[in-house]
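The sequence and structure come first, then the findings by topic.

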Amino acid sequence: GDTRAVDPLIQALRDKKSDVRWCAALYLGSLNDTRAVGPLINALSDQDPEVREIAAETLGDLGDTRAVGPLIQTLTDEDVVGVQYRAAEALGDLGDTRAVEPLIQAMLKDGGEFGYVVRGSAACSLGKLGDTRAVEQLIQALKDEDCTEAAKALGQLNDTRAIDPLSSVLKNGGSVMVWASYSLVKLGHAESFDSLLEALK
């Protein structure tokens, strides 16, 4: 936890061994020193995807909005789902609404076999950002097979357009039903009552 370690760890981000670079990126986050932001942004271009992934996560932890633009670029990292996932997650943690439109685009992409992981992370971050520009797209995402994060995010945006779509997925059961119920209660409108009462059965 001693910030005298920051500069040596920044140096270690350029080590020849990828596992050293990975550990350096990880521990720079725990030191919570913004001197690491620039070097970690550079690490988003590392040849090793695991280093890129942990660099994205650490930038979210550090909370410095200088990372917003580079993380938005990292959302298009087509090679590795984990990198896109961590970039989307970090953008939600940074709380900057410049990320809303790129996150919407990430949420709507197919992304192949594991694309649902990125879509879920993007939906979660859109909920954190609290910008109602995402409402219609989150409603559309309720049609996704794994729409739990979209159901949860709609409750955070406090927009009544979500009431009917959330009510319609209550019959799906499982975790989606749980989060749709949670969001309807959070929205707090009486027109949800009948749907919630029916879900109790």
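## Salt bridges

D2 and R4 are joined through their side chains by a salt bridge, with N to O at 2.7 Å; the term means a side-chain nitrogen of Lys or Arg within 4 Å of a carboxyl oxygen of Asp or Glu. The model is predicted, so local features need pLDDT of at least 70 and side-chain atom pairs count only at pLDDT 80 or more, while totals for chains, interfaces and linings use all residues. Residues are numbered from 1 along each chain as its sequence is written, and side-chain values use heavy atoms, with hydrogens and water left out. R4 is exposed because its relative accessibility is 70%, and D2 is partly exposed at 36% (buried is under 20% relative accessible area, exposed over 50%, partly exposed in between, with a 1.4 Å probe and protein chains only).

The whole structure holds 16 salt bridges. In general, side chains of opposite charge can pair when their charged atoms come close. Another of these bridges joins R35 to D33, with the closest N and O atoms 2.9 Å apart. D33 is buried, at 14% relative accessibility, whereas R35 is partly exposed at 40%. E53, E57, R86 and E89 are linked in a network of salt bridges.

## A link between distant parts

R119 and D144 also form a salt bridge, their closest N and O atoms lying 2.8 Å apart. This pair links distant parts of the chain, 25 residues apart: R119 is in helix 8 (residues 115-129), and D144 is in the loop between helix 9 (135-141) and helix 10 (148-157). Helices are DSSP runs of H or I with at least four residues, numbered from the N terminus.

R119 counts as buried because its relative accessibility is 15%. D144, at 22%, counts as partly exposed.

The rings of W179 and Y182 are edge-to-face because their planes stand at 80 degrees, with centres 4.9 Å apart. Both residues lie in helix 12 (residues 174-187), three residues apart, about one turn of the helix.

W179 is partly exposed at 27% relative accessibility, and Y182 is partly exposed at 35%. The charged end of K152 sits over the ring of W179, 4.7 Å from its centre (NZ of Lys or CZ of Arg within 6 Å of the ring centre and within 35 degrees of the ring normal).

Technical notes: Rings of Phe, Tyr and Trp (its six-membered ring) pair if their centres lie within 6.5 Å; planes under 30 degrees apart count as stacked, over 60 as edge-to-face and the rest as tilted. Helices (H or I, at least four residues) and strands (E, at least two) are DSSP runs, numbered from the N terminus.
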